[in-house]
Amino acid sequence: MPLEFKTSEALTFGVELELMVLNTRDFNLTRGAPDLLSRLAKSPLPSEVKPEITESMIEVNSTVHTGFAPLRDELVRTRDGIVDAAGKLNLAVAGGGSHPFHQWSERRIFPTERFLKVSALYGYLAKQFTVFGQHIHIGVESGDDAIYLTHQMARYIPHFIALSASSPFCQGEDTSFETSRLHAVSAFPLAGHLPEVGSWDEFNRYFDEMAGYGIVASMKDFYWDIRPKPEYGTMEIRIGDTPLTVTAAAELAAYAQTLAADLLRHRRLDPIAPRYLVYGYNRFQACRFGFEAMLADPGAHTHIRLREDLMATLYRIQRIGDELGAADALRAIGDRADREANDSRWLRERFQETRNLSDVVRLQAERWRDDPGRAPPKAEAEAAKLRAAK
Amino acid sequence: MDLRFLPGLPLSLSYPLLFGVLLVAGMLGGEVARQLRLPRIVGYVIVGFAIAPAASAMNIGSLLDEARIFVDIGLGLVLFDLGRRMDLAWLKRDWTLAASGVAESLLAFGLVFAALSWLGVAPLMAGIAAAIAMATSPAVVLLIAQDTRAEGQVTERALTLVALNSLLASVVVTMLTASVHYEARLDLDTAVLHPLYLFAGSLALGGAMARLASLLGRQVERNPELHFTLVAGLVLAAVGLAQMGKLSVILALLAFGMFARDDRNRHHLVNVDLGPASRLFYIVLFVITGASLPLSSFEAAGWTAFAFIGARAAGKFLGVVAIAPIGGMKWRQAIALGAALLPMSSLALLLLHDVARLYPEFGQQLTAVVIAGVIVMELVGPVATQWGFRFAGESAPAPDALAATRPPAGKPAEPTKS
């Protein structure tokens, strides 16, 4: 039975953010999600908040947006709600791609039927999957566009890795990587990337074949870095660590939206195969060296520094960014690349200062809570909007 | 031939030997209890019960008394750890938590006082017994939380409420000692000055130790091993200083822990895990506590002891169940929390000890009632707390090593993350 691709309005977008649930004593992960979620269920937030594979994680799903600023504002409001509820339970919440010192064996599977099944199948991989990513959804009008965009976006995966990297520590040690989170993802048997199919029909044939072998039952069984999401009518980028602030998360989403607009407007016709030959290498380079990564360019047969490639891309899409209302976001991203100031660097600097990972996580939770400041109360915000309209 | 290199007879027992024997015997008792799915603590205490007659038969009863040093160290570690877990900011953010703490303490006090008065116990005696009844054993709750690896709201709230009611209990007991002074026809100055000295002195000692810890913590590298040594050393010193100064060990160590928690947000002191090392002292603490409980107290106390236990349990449950749901706790969680607050152990004995030391003649009956209550709660309390954490779904599930190796039946790979 072919997968049906539900179309959506092109270039609408939204994000999913996985977040850490921490105790406020030593800022280790703790079993706080069930209590936090049941408290949040009583006072609904603008975004949806859901359980994740272990009881030390929650996931925020934003609504669908067309512009950067409203997405950011929604995330700020959601964050405020989560922070308040967590405070009442003496829990803290933080961004960041992985917890720097937790022990995977201490995690507990969130007891839903689905998560228990996953745990039974994957063993320790399930608990080790207590890592925190940002997923960005970009709306597309057809399955063919989703396939096209997935292939094209593969070239920019290193940018998202370098910009979002926020997991330099693992099991209490500095990994020397900008992001260590992706290793937890790569361990799954169906990790990787979309095969070289050219259209939605062709993809459906591939899917049917895999389903026929009894390996997959739905799209969710593919743990790819980027994948079409037929149920939502989107292309989904799943490569990023959860940033340390909601602003950074919204900025990354705006960058993805602008890139997608550029790629849909100026269709590329170059062959797909070579870019997947360099894909794994470039991905590794970005994970390891961040903005300093040397990326192999299959077209030009040269290497280019990630930062320069990113700056050139930002320059190219600037005008489309202005059209989409993403100018502020793109400027912030350019600035971050220019100063090489991603979140991994921030975390390492905090470790330099404190020499203690508990303190690093405490500061990381404070940053999540305070940066940017609280949203004004709703009535006040509406009054301000009215004033601006006049 | 000169045989003076041989030890003289009869052989004299030494502290290291005593400590070692109590430790190993306690550990073995704990494992037997665990096999029976009981909390380890129950095993430690029963070993203590068994050791007491053996010790008196071997004529080493007094040595057991002198081994109080281990009890004080163990209790000092517990109280410090508890104080460190008490987050005043949390009490501010969620007023219902503070309210349920006050409610369960006051109700336990009120009901015990009423029950004992009704049974004809003199008001002041009933008051002191009721004040002691407010306290939950910090060592039991802390150790059960560790043993069952419990995590969640019930566990966190139980530990905070234990800190709160231990604090309240020792404050009320201290205040009542003022009345004891009065009753003993001492002059009014002493009746006022003594509790004041206990409060102010203990708080000042706790504050000074926390400040010292913070200062020293800043001098050494922020590595957990160094800070562990620092904290353990200062906790021992604080226990010693509190005893030297005739201060309240309970108040001083709780205060030390609370002040050390965030030293005015400077975070000079690493929040080290005292767990594994302090367990050595906890085991001995429970064994000695068990050994120091005369089972004959039941005869002396009679039914009064059961009134004491029943009124206390009712107060704790009512207080928690009335307030906790307002703060968004589920019924199940509120009941679990009530059960978790039942244990009574060495803290109650220490309070009793403090009162009895001041006025040895003060109430044989009071002592018997409280001790009989402690004996029952030493056994029922840990079971109740363990049940509570499990009932709330907060204990770690027991791993099933073999089940985990079998492939799951049925369908192909299901999704993990959407």
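## Nonpolar cores

A nonpolar core is a set of buried Ala, Val, Leu, Ile, Met, Phe, Trp, Tyr and Cys residues joined through C-beta atoms within 7 Å. Buried means that 20 or more other C-beta atoms lie within 10 Å of a residue's own, with C-beta atoms placed from the backbone. This is a predicted model: local features need pLDDT of at least 70, side-chain atom pairs count only at pLDDT 80 or more, and totals for chains, interfaces and linings use all residues. Residues are numbered from 1 along each chain as its sequence is written, and chains are lettered from A and ligands numbered from 1 in the order in which they are written.

The largest nonpolar core contains 136 residues, and B:Val112, B:Ala129, B:Ile132 and B:Phe308 have the most contacts inside it. Its main contributor is helix H9 (residues 153–183) of chain B, with 12 residues. Another core, of 103 residues, lies apart from it and includes A:Leu75, A:Val140, A:Ala154 and A:Leu244.

## Chain B

Chain B has 18 helices and 0 strands; these are DSSP runs numbered from the N terminus (helices: H or I, at least four residues; strands: E, at least two). Of its 418 residues, 51% are buried.

Two residues are in contact if their C-beta atoms, placed from the backbone, lie within 7 Å. Among contacts in chain B with a separation of 6 or more, 82% join residues 24 or more positions apart.

## Contact between chains

Chain A gives 34 residues to the contact and chain B gives 26 residues. On the side of chain B that touches chain A, helices H5 (88–93) and H9 each supply at least two residues.

Conventions. A residue is buried if 20 or more other C-beta atoms lie within 10 Å of its own, exposed if 12 or fewer, and partly exposed in between; C-beta atoms are placed from the backbone.
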